[in-house]
Amino acid sequence: MASNEEKEYPFIPEGLTSAVYGPENPPKDWADAGFLIPHEALRFSMNKMLASAEALKDDYEKKESWKVLYFAEWYVEDFASMVHDHHFNEESIYFPWVATKAELPEKVLSKQHEDLVKMLEEMKSICISVKKKKGIKCADEIKKLKEKIPLFIDDMNEHLKEEEEGIPELLRANFTHEEEQVVVGKIIKSEGLGGTRRFLPTLLEAMDKWAKPSFKEIFLASIPPPIQKLLCKCASFKMFFILRFPLLNAAFLRLQSLNQIP
């Protein structure tokens, strides 16, 4: 018979993009979910980023410059900040909390965060250059983005994999779900409305693919009331996602309409 914990956290393993969890190794409980919630959102964003970058032509004149301009604006204003916030929250709040009772794996404590941030900043500088040019005559920038984005995604995925392999067992052995929820609350508070605006829509969109509605309801119930009210103002989470992320979605949806992205 399934335990209450399993009933409270129903997953769809086939919908996961994780290299650790899936149909052959489905997530078990809150300790696994604690990492899948942000990590699936990051992988969701990276997959869209890669598809959008691959669809870009080598260069653009003014008429179609919006395609690379929207991408650059989304990267600078949303994606880079979202990844920075995620790393900061791990290093300043979550991992120090874990370290109060457990020894963190050496891989997780490596310079990987620092290296990833360096790559993130390099691509941000390229996108800022695109913005300054308004997307016109950006062949060099587009070439660099097409080269750097797949490398960043590979390294980021490896980093997320190491965390998913190393931390959940430490959580189960040393903490309760209730204790972890207190720390997550601190992270949400540190994010503020600005950080939550960047991350939450992607998080909910990604969650539709790997978690059942009952899990999503539990998650939404844990969100502070002011943010819940913001969500309720939109007709659907899909609409909320599009409204709050107009830059990437406008470019992505337009490219889809032109059959440049499947």
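**Ground rules.** I'm working with a predicted model, where local features need pLDDT of at least 70, side-chain atom pairs count only at pLDDT 80 or more, and totals for chains, interfaces and linings use all residues. Residues are numbered from 1 along each chain as its sequence is written, and side-chain values use heavy atoms, with hydrogens and water left out. Helices here are DSSP runs (H or I, at least four residues), numbered from the N terminus.

**Entry 1, H2 against H7.** I looked up helix H2 (residues 30–55) and helix H7 (residues 177–210): they pack at about 40°, axes 9 Å apart. Axes are lines fitted to C-alpha atoms over the stretch in contact, and angles run from 0 to 180 degrees between N-to-C directions. H2 and H7 are therefore oblique to each other; under 35 degrees would be roughly parallel, over 145 roughly antiparallel, 65 to 115 roughly perpendicular, and the rest is oblique. I noted the crossing of H2 and H7 as left-handed (the near helix is turned anticlockwise from the far one by less than a right angle). The H2–H7 contact divides into 12 nonpolar, 4 polar and 4 charged residues. For that count, Ala, Val, Leu, Ile, Met, Phe, Trp, Tyr, Cys and Pro are nonpolar, Asp, Glu, Lys and Arg are charged, and the others, Gly among them, are polar.

Next I checked helix H3 (residues 66–98), whose axis comes within 10 Å of that of H7 and crosses it at roughly 170°. H3 and H7 are therefore roughly antiparallel. The meeting residues include Glu77, Asp78 and Asp85 in H3, and Lys186, Arg197 and Arg198 in H7. By class, I have 7 nonpolar, 5 polar and 9 charged residues for the contact of H3 with H7.

Is Pro168 buried or exposed? Pro168 has 2% relative accessibility, so I log it as buried (under 20% relative accessible area; exposed is over 50%, partly exposed in between, 1.4 Å probe, protein chains only). Pro168 belongs to helix H6 (residues 168–174). Leaving out neighbours within four places in sequence, Pro168 contacts Tyr21, Ala31, Asp32, Phe35 and Glu163. Its C-alpha is 9.3 Å from that of Asp29, 139 residues apart along the chain.

Which residues of helix H8 (residues 213–221) are buried? I found Phe215, Lys216, Phe219 and Leu220. They cover an arc of only 135° around the axis, so they lie on the same side of H8; the arc uses directions from the helix axis to the C-beta atoms. Glu217 and Ala221 are exposed on the other side of H8.

Terms used: Helices (H or I, at least four residues) and strands (E, at least two) are DSSP runs, numbered from the N terminus. Contact means heavy atoms within 4.5 Å.
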